[in-house]
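Hello,

Here is the structure I promised to pass on to you. Have a look at it first, and then read on for a short tour of what turned up.

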Amino acid sequence: MWLPSSQDNLGVIAQGSINDRVAPDVRAIQQSVNAAQRKLTINPPPVVAMPRRTAGPDIMIPTSWQGPSWQGSSQSTGPPWPGQGSSNGPIGYSSQHALYATERERWAKISYATPPAETILIEISAVHEGGGRKKRGVPIGNICEGKKGIDAQIDAPGLIELALDTIMPKLQIFGGGFLWRMNEFIVRDSAWVDLSNHRRSVAYFYDQCQQPSRKGSKTTTFKSKQFALMVIVPETQWIEYENWREDAEMNAALIGQRAARKVITPQVPSSVRSSVDLESELDTAPTNDGATTSDNVPSNILPTTAVTTSTKRSHQHTHSSSSFDIPSPPQKRDVAPAALCSPDRDRLKEVLRIGGGTNLDMKQVFGRQSERIHFYLVPSRPITDLLLDKYHSFSVDTAEWSMGELIVDTSPQGLIGVRGFKTAHTGWLTLMAPPKIGPGSVAHDKIVVKRPYHKVFATPTTTTGPYKIARYSLVDEISRLFKEANVLYWAKSLLKLTYDFIDRCVASSSEPPPFPIPRVRFVEGGLALAYFQGDRKPGGKTGSTRAVFLLEEFIDSDGEDFVKFIHNMDANPLIDYDEYGYDLAVFFSFTQHIQYAKTGKLAFISDYQGSTTLLTDPQILTHPSVSDGRIDIFGDGNIETTVSQFEKEHICNEYCKWPAFGLEAYTSGEEEDELEACADGEDGLADGEEECET
């Protein structure tokens, strides 16, 4: 048997007898076998992908497949390798391939994940850096947006994307044509922590929602909370925006001034070459687009046939020809500065004595109380919305709200008044997300802070004499002020119904009303819940509700008296016809007539009080059939008999009797006519009749 060898050396087996045979060489046999196996091994050359230009999308070809064989291929019609010329298609892996694993994981989670059962609320606002050391950021306008139903497992990158997607459209509208650089923005939480420094795929707020299932227990349960995020505009970019805005305003004002100064001058013949022509050429230059403008004023505001003269130069022009006399623009007269007058010596002496001797009122300083609050604005809704289930009454769940700071002046100087059931103090409100109207719409907004109280006399049996003001328990205080807010909620709706009825009747009438229609409204207000900021009270838990306040916009009476026009125990004016505000009280009595008729004789507003433009502390009165025996319908001030006896006690006035309103007259109106006659100075009496008494 022959065995192949790589060196062509064969082991030969001699022919002959067995005794003459030589023993085989084992080493030679092994070398021959190994060489044969190496030659028979399947080891094809490397496979090289040869792309072909066919109809279909371009494919990214990994660069590791590129090699010299591509260059040697004369049949290839595909794009050349790098270095051989311009590429006709994409070659090699791009930077987007590095994101494939992340995107695949994200879409897999979205596709197979069930809707999140654990959600949180997020309030997103826009602020810019600045405001001093203590103030981390300054709100930008009213840019704020709340987001519900956010997955509690959302991580920091997801929160950053959500915040930027929410705020950027609003910020672009706010900035007009300014180009914001979003890549410089920073997203921070309420503790001013930069979210970009946190890892991906780690829930950011989830741990803060875990609370013990019960007191003393180690097991935790999820409780939804609200969190705040702020999109921070760097200070340098904000300064650029302010400079851009100032330049835009100055340019607009300059263009308007220059357009107003343009003077139309007579046409000059071409034969006359004067300094006016030379100056006109100097002041008028072509722009890049070929349009000719003067002093960089847009061409669309210049006259097409008029010659404009410059107002930049103060010297007068003369003409080379005496036959033409074109006047120069009039010179501006220099206004002499006003004479400096010294102050009156005696008056200055008195002011120096008063001003220099003034000391700081410590009681007023220490009487200012600061609270961190959540403010819930009482909305204004039409009566049709109140018929819906979720809008039957004022609710903190459906009200617009914001976090902020409340300062209350509890000193005697800050006390506005003490009425039957509430105290009123001066306060100042600043909100992170200011509303468009109402308390807190501007920073450090001056407001009225109201709280209920009860009287504590010297002895339990005493009901008269000196007393002390005591506050209710937190539960009772919240209940009482919630009813006050709910009454304001309904009063605003009923007053809107009244004016809608009046406007519709006046618009459809062929003749205008013979009397003016007063325009009043109720103050904007809301509830403010204050929270413990530390263990300032034994048993007080940080973050729990500490107090509640009713906040209302400040009524700037401008010298007017606070007037109560109608009482809740009567359906007619409380003041006499010769007193200030009587005409307005008559109008309020008319509004009660409208509300009584339009609600099907069920309810109307009472306790009209305030100024001639703003009203406060209203009361809703209802028919006894509404309460059905309950005593807590719209509070203790709801005197139901006033509604049930309205048709007997109400006196129709000139508003009620105007035919365009079409109101039913509940009384003859003789008593009202007598009062009007007394007010006009006419006795209107027959012989033997006595004069009417007020």
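Let me begin with a question: is glutamate 477 buried or exposed? Please keep in mind as you look that this is a predicted model. Glutamate 477 has a relative accessible area of 2%, so it is buried.

That residue has a charged partner. Arginine 451 and glutamate 477 form a salt bridge, with 2.8 Å between their closest N and O atoms. The two come from distant parts of the chain, 26 residues apart: arginine 451 belongs to strand β13 (residues 445-452) and glutamate 477 to helix α10 (residues 474-508). Arginine 451 counts as buried too, because its relative accessibility is 18% and the cut-off for buried is under 20%.

Across the whole structure, the search found 16 salt bridges. Aspartate 500 is partly exposed at 35% relative accessibility, and lysine 496 is partly exposed at 38%. There is also a network in which salt bridges with shared partners join Lys422, Lys450, Glu484, Glu552 and Asp617.

As background, an α-helix has 3.6 residues a turn, so residues three or four places apart point the same way.

Now to the nonpolar side chains. The largest nonpolar core has 51 residues, and those touching the most other members are Phe565, Phe588, Phe590 and Phe661. Two or more residues come from each of α10, β17 (525-531), β18 (545-553), α11 and α15 (654-657). Of these, α10 gives the most, with 13 residues. Leaving aside residues up to four places away in sequence, phenylalanine 588 touches Val520, Phe565, Ile566, Tyr608 and Leu615. A second, separate core has 34 residues, among them Ile143, Ile150, Ile160 and Phe222.

Helix α11 (residues 582-598) deserves a look of its own. Its 17 residues should span 24 Å at 1.5 Å a residue, and the end C-alpha atoms are 25 Å apart, which agrees. Since 14 of the 17 residues are buried, α11 is largely enclosed by the rest of the structure. Just after α11 comes glycine 600, with a positive phi of about 70°.

Finally, the aromatic rings. The whole structure contains 34 aromatic pairs. One of them is a tilted pair of phenylalanine 174 and tyrosine 241, with 6.0 Å from centre to centre and 35° between the planes. This pair links helix α4 (residues 156-175) to helix α5 (residues 235-261), its members being 67 residues apart. Phenylalanine 174 is partly exposed, with a relative accessible area of 33%, whereas tyrosine 241 is buried at 3%. Elsewhere, one aromatic cluster includes Tyr499, Phe565, Phe588, Trp658 and Phe661.

Two lysines also meet rings. The charged end of lysine 446 sits over the ring of phenylalanine 554, 4.4 Å from its centre.

Enjoy exploring!

Notes: Residues numbered from 1 in each chain as written. Predicted model: local features only at pLDDT ≥ 70, side-chain atom pairs only at ≥ 80, totals over all residues. Heavy atoms only, no water. Helix = DSSP H or I, 4+ residues; strand = E, 2+ residues; numbered from the N terminus. Expected span 1.5 Å × (residues − 1). Buried < 20%, exposed > 50% of the residue type's maximum accessible area, 1.4 Å probe, protein only. Salt bridge = Lys/Arg side-chain N within 4 Å of Asp/Glu carboxyl O. Core = buried A, V, L, I, M, F, W, Y, C linked by side-chain atoms within 4.5 Å. Contact = heavy atoms within 4.5 Å. Phe/Tyr/Trp six-rings, centres within 6.5 Å; stacked < 30°, edge-to-face > 60°. Lys NZ or Arg CZ within 6 Å of the ring centre and 35° of its normal.
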